[in-house]
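Reader: I would like to go through the labels used for this model and ask what stands behind them. Could you take me through them one at a time?

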Amino acid sequence: MKKDQEIIKQNNIKLFLSALLESKPIPRIELSKKTRMSPTSITRISSLLISKGFVAETDTLSKGIGRHAVMLDTVKNSAYSVGIDIKSQLLRFSVIDFHKDCIATKSKQYNVCDYSIEELSKIIYEEVTNFLSINSIPYEKIIGVGISIPGIVDNHTNSITLSTQLGWKNTDIVKYLQPLFNKPIVIENDAKARVIGEKHINKIPNNVDCAMLIISNGVSSAALSQGELVRGFNNAAGEIGHITLEPNGILCDCGGKGCIQTRLSDKFLISTARKSDNSINCLNDIINAYYEGKSWANEIIENFKYSFTLALNILEGCYNPVAIIASGHVVEAMEPILKDCIKDFIQSKNCQIKVLITKDVNNVYATGSAIIASDMFITNLIGDLDYI
């Protein structure tokens, strides 16, 4: 019963802020209508957020004769969240304000595998504090830190179960970060963080279910249903990169053979290409050879297109989304080649479905993890909310 009450409170606070951000400034009575919450609940939530300095009453508004309505608005610079995206060769940072708008980003090259978890934690903390200082963002206004990593994250223990790209297994980086930051910290799978960031940047409504397909150094996916992440057992929903296509195929990083990412990720595409031409150094070399009519390149690209379409079908079959967002530097590089492939996929479906190719705007992985940290802070406010 107590858990049900907490869920109601969480949902009400999220609904309140979502409606406020969408229509600010807005009087309490209109918020009540938009959210279908009682005026009493609206008053209690607004009073709590006003006392915390996140919401303020603004100038009154009058629509003719009668009592003036007091407007509510968010306080834009009242709080900030930090997002950090950890990749094998790169750290990316993002700061969002209380409106969840990205206000600053930063990227820096690091070979993450060269450092211990403790050493990396100190590097991250120093980079973040310098980043905040340069952008004149007061540290005391940071309400949370979100971190995205490629791999399986246990959202119950806030630890990393497995990240083949980073070489981490059963890793608790929060243990080292928490004493440094002294702020709430949340760890999330990078695909899940990215789909949250894409939802905000592209203004995707909660009622539009969407799935995300990311192809870069690995292959991952995530999905949103009614605005909420689809997590599955152990938060591992979306790990399609390790679905087996060929039982006797190429050895994958996970230890299995013939995983779908051995047909799609740049590492394996380049490795396969070098068997035919050892001068191949990057993905663009393969694409150029394809346009030059090289038979080996044509075979690689055709296998890629087949596996890409298969991945879209897996997402469509599993999540039944209205839209699939495809991204990652491999997808961006292959975009001209994939246009007909995507068109054929859409035409093969009896339902309305869109496939969008997006780019990494505003460090979207880091921005998504910052949004998750902000949402976690809002969720934790329920302890100060004395109502059901």
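Author: Gladly, and let us begin with Glu 246, which counts as partly exposed at 31% relative accessibility. This is a predicted model, in which local features need pLDDT of at least 70 and side-chain atom pairs count only at pLDDT 80 or more, while totals for chains, interfaces and linings use all residues. Residues are numbered from 1 along each chain as its sequence is written, and side-chain values use heavy atoms, with hydrogens and water left out.

Reader: What makes Glu 246 partly exposed?

Author: Buried means under 20% relative accessible area, exposed means over 50%, and partly exposed is in between (1.4 Å probe, protein chains only). Glu 246 has 31%, so it is called partly exposed.

Reader: Why is the contact of Arg 263 and Glu 246 called a salt bridge?

Author: The term asks for a side-chain nitrogen of Lys or Arg within 4 Å of a carboxyl oxygen of Asp or Glu. For Arg 263 and Glu 246 the N to O distance is 3.3 Å, so the pair qualifies. Arg 263 lies in helix α7 (residues 261-264) and Glu 246 in the loop between β14 (228-229) and α7, 17 residues apart. Helices (H or I, at least four residues) and strands (E, at least two) are DSSP runs, numbered from the N terminus.

Reader: Why is Arg 263 called buried?

Author: Its relative accessibility is 17%, which falls under 20%, so the word is buried.

Reader: Which words describe the accessibility of Asp 360 and of Arg 92?

Author: Asp 360, with 25%, is partly exposed, whereas Arg 92, at 12%, counts as buried.

Reader: Are Cys 252 and Cys 318 buried or exposed?

Author: Cys 252 is buried, at 5% relative accessibility, whereas Cys 318 is exposed, at 58%.
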